[in-house]
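Here is a quick briefing for anyone meeting this structure for the first time. Have a look at the sequence and the model first, then read on.

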Amino acid sequence: MGLAVAVGAMSVPAGASSTNLLVNGGFESGSFSPGWNTMTDGGGQGFWSVTTGNYAACGGTKMAPIEGTHEALWNMDFPSWGILTSNPFTVPADGQISLDYAYQNFAGTWQQTPGTYDIGLNYSNEWIRIDVIAATADPQTLSSNDIVATLFNSQVLPHPAYSQGWTAASASLSAFAGRQVVLRVVTVNDLNCLPVWVDNVALTVGNSPATPVGVSVSSQGGYLHAQWLPSANATSYTCTLLYGFNSPSGFSVTTSTPSCWFAGAGGSTSYGVSVVANNDTGSSPAAVSFYSPPAPTRLVCQRAGHRRVVRAVNPSCPVGWKPVGGARTGGY
């Protein structure tokens, strides 16, 4: 099957919202028309199809669409390769590309003969990649000069799992505003079955959330409390507890308000909190603030010729004792 190149390119307005600007991004027309093109090696045993969750020809597996009622499937029997491309589109300001993908690699290995799509006895190719490439580039290109962004590449170490259910992937295209590009999915299987599913492809625009400012952290009644000023364009915030100021812990809290709490933290231990703002276009850079427990002080108290030292954050003399001088910073 040859590549069908669309006549003309789609242009999207710079002021568009988060509405999907790609035509037929979920393949809900029941076919690749409008909006999509397919290409195969011609002599191989694979083909792209739009399905409602049908079994793959090789491997006997199926995947229900993650969105709507249709999905794209690389429906193959090895050896073969195939390419799925969107119609060309102009990257808008603050453009974001996203999709969901799934696959099952029955070969149990990822391999690529450098720079080739070739299949046959002299080659070992079992790989997938999902890229945004220049609209003028050859759909088979592997040149870094043509690749604008990569959403998935099975050859990046460490290699991904051999079986992957629906997984979301996205990339910001903001740095390429005004360029003509296409989304491309490539799958090459020379060693064994490698069905690939694609769904829910979207091009959206929007303003990224601003980095939180005014972040402060305090200890209150056995809780660590972080708060900050609301961030422009934010719909939620994610707080991550940091040990020793800058080592991320496994504790994160997502909230819709500019405040978060961590139980069992604070007291005499130093902590940090990292805060990022989120919306449907992505997340802001992190803002970090720290909490350090107050230093203890020592107070000398006297009664009837006897003296005793009280050490605390805010020391005071016991009843019947009087301070001698003022409190001084010191350790326990």
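What follows is a short tour of the rings, one arginine and the strands.

This is a predicted model, so keep its cut-offs in mind: local features need pLDDT of at least 70, side-chain atom pairs count only at pLDDT 80 or more, and totals for chains, interfaces and linings use all residues. Residues are numbered from 1 along each chain as its sequence is written, and side-chain values use heavy atoms, with hydrogens and water left out.

**Aromatic rings**

- The structure has 10 aromatic pairs; rings of Phe, Tyr and Trp (its six-membered ring) pair if their centres lie within 6.5 Å, and planes under 30 degrees apart count as stacked, over 60 as edge-to-face and the rest as tilted.
- Take Tyr-101 and Phe-152: their ring centres are 4.9 Å apart and their planes sit at 40°, so this pair is tilted.
- Tyr-101 belongs to strand β6 (residues 95–104) and Phe-152 to strand β8 (residues 147–153), so the pair ties together parts that are 51 residues apart in sequence. Strands here are DSSP runs (E, at least two residues), numbered from the N terminus.
- Both Tyr-101 and Phe-152 are buried, where buried means under 20% relative accessible area, exposed over 50% and partly exposed in between (1.4 Å probe, protein chains only).
- Phe-152 also pairs with Tyr-103: the centres are 5.7 Å apart with the planes at 35°, so that pair is tilted too.
- Tyr-103 is in β6 and Phe-152 in β8, so here the linked parts are 49 residues apart in sequence.
- Tyr-103 counts as buried at 2% relative accessibility, and Phe-152 is buried at 9%.
- Ring pairs join Tyr-101, Tyr-103, Trp-110, Phe-152 and Tyr-162 into a cluster.
- Elsewhere, the charged end of Arg-308 sits over the ring of Trp-321, 5.4 Å from its centre (the rule: NZ of Lys or CZ of Arg within 6 Å of the ring centre and within 35 degrees of the ring normal).

**A buried arginine**

- Arg-184 is found in strand β10 (residues 180–189) and is buried, with a relative accessible area of 0%.
- Its side chain makes a polar contact of 2.6 Å with the side chain of Asp-131; such a contact is a pair of N or O atoms within 3.5 Å, and within protein one must be able to donate a hydrogen and the other to accept it, while residues adjacent in sequence count only if both atoms are side-chain atoms.
- The side chain of Arg-184 also reaches the backbone oxygen of Thr-141 at 2.5 Å.

**Strands and sheets**

- β2 runs antiparallel to strand β3 (residues 71–76), joined by 6 bridges, and Phe-47 has Asn-75 in β3 as its bridge partner.
- Another open sheet has 3 strands in the order β12-β13-β16, again antiparallel, with β12 (216–220) and β16 (259–263) as the edges.
- 5 bridges connect β12 to strand β13 (residues 223–227), and Val-217 is partnered with Ala-226 in β13.
- Strand β14 (residues 236–243) is mostly covered, with 6 of its 8 residues buried.
- β14 pairs with strand β17 (residues 271–279) over 8 bridges in the antiparallel sense, and Leu-242 stands opposite Gly-272 in β17.

Terms used
Helices (H or I, at least four residues) and strands (E, at least two) are DSSP runs, numbered from the N terminus. Two strands pair if DSSP finds at least two bridges between them.
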